[in-house]
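Please look through the model below before reading the comments. They are set out as numbered points.

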Amino acid sequence: MIEAGMKMCSVGSPILSCSNVVLVILVLSLGTCTHATNCTLQQNNQMQTRFTECTGKVTMAYQESLDEGTKEGATCTLFTSLINDCGKVWEICHSQEDISKMKDMQLEALLGQYVDSGIVRLEDCPIVNEYWAA
């Protein structure tokens, strides 16, 4: 088991397994692992730290929200929060063009992890519909 904050990450269904959550965080972190040229190495490291902290908080909130609502609603909120809220830290070091590309890459990874694998359907999720319409 992987400990996330003070809470253990352990739920029986595949969508909630820690390996899926950790994979999502690792994939999302890959987008910020290279040194951005618009900031210093220290600023880049701070950006990466803030992004990782944000994704951890969002993922824990997702785990908790699954008990309260629908899987689709919780997953849509997860996608939106990871891309739009956590992605805001990229503004520290990246251009709007780079941020747009990074958001697309992150959403593609999330869609592959959750939607393409059949874990959840997100036809009513605005961030997914915007991506598919583009």
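1. Basis. The model is predicted, and local features need pLDDT of at least 70, side-chain atom pairs count only at pLDDT 80 or more, and totals for chains, interfaces and linings use all residues. Residues are numbered from 1 along each chain as its sequence is written, and side-chain values use heavy atoms, with hydrogens and water left out.

2. Elements. The protein chain holds two strands and five helices. Helices (H or I, at least four residues) and strands (E, at least two) are DSSP runs, numbered from the N terminus. Read from the N terminus, the order is β-β-α-α-α-α-α.

3. Chain totals. The protein chain has 134 residues, and 42% of them count as buried. Buried means under 20% relative accessible area, exposed over 50%, and partly exposed in between, with a 1.4 Å probe and protein chains only. The accessible surface of the protein chain is about 7500 Å², and carbon and sulfur atoms hold 55% of that surface. Accessible areas come from the Shrake-Rupley method with a 1.4 Å probe; for residues, only the protein chains shown count as cover. Among contacts in the protein chain with a separation of 6 or more, 64% are between residues 24 or more positions apart. Contact means heavy atoms within 4.5 Å.

4. Packing of H2 and H3. Two packed helices are described by the angle between their axes and the distance between the axes. For helix H2 (residues 41-65) and helix H3 (residues 71-85), the angle is about 170° and the axes are 10 Å apart. Axes are lines fitted to C-alpha atoms, for helices over the stretch in contact, and angles run from 0 to 180 degrees between N-to-C directions. H2 and H3 are therefore roughly antiparallel to each other. By the cut-offs, angles under 35 degrees are roughly parallel, over 145 roughly antiparallel, 65 to 115 roughly perpendicular, and the rest oblique.

5. Residues of that contact. H2 contributes Phe 51, Cys 54, Thr 55, Val 58, Thr 59, Tyr 62 and Ser 65, and H3 contributes Ala 74, Thr 75, Leu 78, Ser 81, Leu 82 and Asp 85. Seven of the residues in the contact of H2 with H3 are nonpolar, five are polar and one is charged. Here Ala, Val, Leu, Ile, Met, Phe, Trp, Tyr, Cys and Pro count as nonpolar, Asp, Glu, Lys and Arg as charged, and the others, Gly among them, as polar.

6. Aromatic pairs. There are three aromatic pairs in the structure. Rings of Phe, Tyr and Trp (its six-membered ring) pair if their centres lie within 6.5 Å; planes under 30 degrees apart count as stacked, over 60 as edge-to-face and the rest as tilted. One of the pairs is Tyr 62 with Tyr 114, edge-to-face at 6.3 Å centre to centre and 90° between the planes. This pair links distant parts of the chain, since Tyr 62 is in helix H2 and Tyr 114 is in helix H4 (residues 96-115), 52 residues apart. Tyr 62 counts as buried at 3% relative accessibility, and Tyr 114 counts as buried at 1%.

7. Phe 79 is in helix H3 and Tyr 114 in helix H4, 35 residues apart, and their pair links distant parts of the chain. Phe 79 is buried, at 0% relative accessibility. Ring pairs join Tyr 62, Phe 79 and Tyr 114 into a cluster.

8. Other residues of H3. Which residues does Cys 76 contact, leaving aside its neighbours within four places in sequence? They are Leu 122, Cys 125 and Pro 126. Cys 76, in helix H3, is buried with a relative accessible area of 12%. Gly 73 also lies in helix H3 and counts as partly exposed at 35% relative accessibility. Leu 82 of helix H3 is buried, with a relative accessible area of 0%. Leu 82 and Gln 106 are 24 residues apart along the chain, and their C-alpha atoms are separated by 8.6 Å.
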